[in-house]
Amino acid sequence: MRTFRGGLLIGLAIAVAVAAIAVIYEFYDTRTLKRTVRRGEVLCGVNKGLPGFSIPDDQGNWTGFDVDFCRAVASAIFDDPKKAKFIPLDASERFRELQNRKVDILSRNSTWSMSRETAYDLYFPAVAYYDGQGFMLPRARNIDSALDLNGSKVCVQDGTTTVLNLADYFRTNNMKYEEKKFGKLEEVVKAYESGQCDTLTADVSQLYALRLNFAKPGEHTILPDVISKEPLAPVVRERDDDWMLIVKWTLYAMINAEELGVTSKNIDEALKSKKPDVMRLVGTEGNYGEELGLTNDWAVRIIRHVGNYGEVYERNVGSESRLKIPRGLNQLWNAGGIQYAPPIR
């Protein structure tokens, strides 16, 4: 009897433990797609306010390159770009909040580096925007090369790769500088505008965006020198392969669409195309969407609601925007740039 009773208690304890583990796994599992579908929206971490990339208007409506990418992911899953919810995050908290599952994805001008993947257990699926660090300074300084910045007082945001790149550049070129570090971007800008420093360093795209907010943008120049590689990419958690693949191929679908000439304006004609590459993109041939856990028209949803890569670029930061940043490296590989997507096949 004791043996039976002891065995029963052990079995009961095991059952309780297994049930507890199941509950914990359900809460902490890495299946972001499952939780996103159940929730009915994609939680997207974005910059608190960077013109051209992610910025809200007075009514709380978000626009920008990074914002549109989140809407593309929501379109692929829900066929509705409005299913993307935007959560503004500081640079210092972005990776921690992604780890803590406050957001499903970061689409927030974050540089892909080895240490960020290894130290934070994060994954950068693909490069959305090729950028590089540069310098902005008052035009009155009459400097046209970063090699003439010796002795400058440089404002920089702490907790970013920008700090290390700045140190490397001045050390490599045997120049001296005075570093002025601030935790928040708005503090960096305020210090520059108040004259605490005579140079501001950040990613070139960010400099273009920040300059728009100055009272007299024309009095500030952005030097042509680019001193680092800054591949900006969306970020997801590791060990979450289904979600990572959706984020990665959302971007690749947009790039492939531009290369194939498929736009938000001609997507209906593309659905009738007999070209194999176009048919695989729009889902009239193959079951590539289903292999991602989506519908076969997943790319059609993205393009119809958000557009291809070129449309998103030009609308937010390129020729149709206030920033007017040249495509440069972000031009397609067959048009002088290095944007390149694996084929859908």
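In this predicted model, R101 counts as partly exposed, at 25% relative accessibility. The residue is found in the loop between α4 (94–99) and β5 (105–106). Its backbone has a positive phi of about 65°, although R101 is not a glycine. Most residues other than glycine have a negative phi. A second residue that is not a glycine, K324, also has a positive phi, of about 55°. K324 belongs to the segment after α14 and, at 51% relative accessibility, counts as exposed, the cut-off being over 50%. A positive phi, near 110°, is found as well at G307, which follows helix α13.

The protein has 345 residues, of which 52% count as buried. Its secondary structure comes to 14 helices and 14 strands. The C-alpha atoms fill a box of roughly 90 × 60 × 40 Å, taken along the principal axes. The accessible surface comes to about 17,000 Å², and carbon and sulfur atoms account for 53% of this area. Among contacts with a separation of 6 or more, 71% are between residues 24 or more positions apart.

Five strands form an open sheet of mixed pairing, in the order β10-β9-β11-β8-β12. Strands of a sheet pair through backbone hydrogen bonds, either parallel or antiparallel. Strand β9 (residues 152–157) and strand β11 (residues 199–203) run parallel and are joined by two bridges. V154 stands opposite T199 in β11.

Q206 has its place in helix α8 and is buried, with a relative accessible area of 8%. Leaving aside residues up to four places away in sequence, Q206 touches N47, L50, N109 and L185.

Helix α13 (residues 298–305) is mostly covered, with six of its eight residues buried. The buried residues are W298, A299, V300, R301, I302 and I303. The elements that cover them include α3 (65–78), α9 (241–260), α10 (267–270), α11 (276–282) and α12 (288–291).

The structure holds 17 aromatic pairs. One of them, between Y129 and Y313, is stacked, with 5.9 Å centre to centre and 10° between the planes. Y129 lies in strand β7 (residues 129–131) and Y313 in helix α14 (residues 309–316), so the pair ties together parts that are 184 residues apart in sequence. Both Y129 and Y313 are buried. A further pair is formed by F170 and Y177, whose ring centres are 4.5 Å apart and whose planes are at 40°, so the pair is tilted. The angle lies between the limits for the two other classes, because planes under 30 degrees apart count as stacked and those over 60 as edge-to-face. F170 is buried, with a relative accessible area of 0%, whereas Y177 is partly exposed, at 26%.

Ring pairs also link F53, F65, Y129, Y309 and Y313 into a cluster. Within this group, the face of Y313 has R327 lying over it, at 5.1 Å from the ring centre. Elsewhere, the charged end of R211 sits over the ring of Y208, 5.5 Å from its centre.

Terms used: Residues are numbered from 1 along each chain as its sequence is written. This is a predicted model: local features need pLDDT of at least 70, side-chain atom pairs count only at pLDDT 80 or more; totals for chains, interfaces and linings use all residues. Side-chain values use heavy atoms; hydrogens and water are left out. Rings of Phe, Tyr and Trp (its six-membered ring) pair if their centres lie within 6.5 Å; planes under 30 degrees apart count as stacked, over 60 as edge-to-face and the rest as tilted. Helices (H or I, at least four residues) and strands (E, at least two) are DSSP runs, numbered from the N terminus. Buried means under 20% relative accessible area, exposed over 50%, partly exposed in between (1.4 Å probe, protein chains only). A charge sits over a ring if NZ of Lys or CZ of Arg is within 6 Å of the ring centre and within 35 degrees of the ring normal. Two strands pair if DSSP finds at least two bridges between them. Contact means heavy atoms within 4.5 Å. Accessible areas come from the Shrake-Rupley method with a 1.4 Å probe; for residues, only the protein chains shown count as cover.
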